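Here are my notes on the model, as numbered points. Please read them with the structure open.

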Amino acid sequence: MSYAGQMNMSTEQQYQGILERAVFSTVTTVPCCVFLFINGTMLFTLRSKPVFRETSRYILLFNLLLADTVQMAVSQLLYIIAVCRVTLTYPVCGAMAMLALLTNEISPLTLVVMSLERYVAVCYPLRHSTIVTIRNTGIAIVVIWAFSSLNVVTRVLLILQFPFEKLETLKMKDFCSDLSLFLDPVSVHYDKAYTCFLFISASVAISSSYVGVTLAARSASTDKISARKARNTLLLHLVQLVLSLSSTIYNPFLIALSKIVIRIVFVRIQNVFYVCIFIFPRCLSSLIYGIRDQTIRPILAYHLCCRLKPSVISVKADN
């Protein structure tokens, strides 16, 4: 093949690479922006009425949505940086990755507390208002953030064990991700152990709450409708937990996949999994509660439509 022919083929492959990156970026960025708008509207909705600000389950939902929204925004920012082939320094990458990690841990822990709240509401209805108070809910949220922050601090300390002073520059050679910050085998082992502990503990807590509500539903003194709603909600929480923690299989899957497929196929599969594992689960809470909850639904629709409805929407608490 002539030199001109090789140049034409190289130019064509480069054009196809740029075009493919542009297409994948659009496919991921547009849905992400839509879901960020929905989540942002949902967050505003949950602060717009006293019934939301003074009800424990809506306060917990706000905490869940806040973590999911920040996680989705940071993940999309890291994705765009990687698509643009921009490499960061270790401190900048570490700060962004740890923020994403922090909010990623908040979601399953909040789901556990929300499940326990539903369990108390069905199994101990007379004591629910005493146990599940605004103060206790605030304490639970503080404990969630403190526990997740402790995990982040532990990971940072493990990262700092790496001899960065021996590097010529702090600029990373690869794109920023939590995987690129696993600089020591101890970090990998800790990540696996913590993930297993979190998944098993959260699964047991939600499953136990579901069993307790199911057994309580058979009692003659239990409100059957309330028990059925709580049981369905706990099932949804379990699905949310699985989707939330599905990101834990993302890195091991990519590591195994990178060894058996060529890079272009690897990048395509990585983009598909990014949408399915990172973007979609983060918008699930808004869709579930925005559609199911009769108190949130009309107000959320009102705000999503940019307040085009002139009539004032009455709020009826859905307990």
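1. Among contacts in the protein between residues at least 6 apart in sequence, what percentage join residues at least 24 apart? The figure is 79%, where contact means heavy atoms within 4.5 Å.

2. Some ground rules. This is a predicted model, in which local features need pLDDT of at least 70 and side-chain atom pairs count only at pLDDT 80 or more, while totals for chains, interfaces and linings use all residues. Residues are numbered from 1 along each chain as its sequence is written, and side-chain values use heavy atoms, with hydrogens and water left out.

3. The protein has eleven helices and zero strands; these are DSSP runs numbered from the N terminus (helices H or I, at least four residues; strands E, at least two). Of its 319 residues, 41% are buried, that is, under 20% relative accessible area, with exposed meaning over 50% and partly exposed in between (1.4 Å probe, protein chains only). The protein exposes about 17500 Å², and carbon and sulfur atoms supply 68% of that area, by the Shrake-Rupley method with a 1.4 Å probe.

4. Helix α3 covers residues 56–83 and spans 41 Å from its first C-alpha to its last, close to the expected 40 Å; the expected span is 1.5 Å times one less than the number of residues. Of the 28 residues in α3, 21 are buried. Just after α3, arginine 85 has a positive phi of about 60 degrees.

5. Leaving aside residues up to four places away in sequence, aspartate 68 touches Asn39, Ser107, Arg282 and Ser285.

6. Helices α4 (residues 90–123) and α6 (residues 134–159) pack at about 145 degrees with their axes 9 Å apart. Axes are lines fitted to C-alpha atoms over the stretch in contact, and angles run from 0 to 180 degrees between N-to-C directions. The contact residues include Leu102, Glu105 and Leu109 of α4 and Trp145, Phe147 and Arg155 of α6. By class, the contact has 13 nonpolar, four polar and two charged residues; Ala, Val, Leu, Ile, Met, Phe, Trp, Tyr, Cys and Pro count as nonpolar, Asp, Glu, Lys and Arg as charged, and the others, Gly among them, as polar.

7. Leucine 215 lies in helix α7 (residues 185–217). Leucine 215 counts as exposed because its relative accessibility is 52%. Its C-alpha is 9.1 Å from that of cysteine 123, 92 residues away along the chain.
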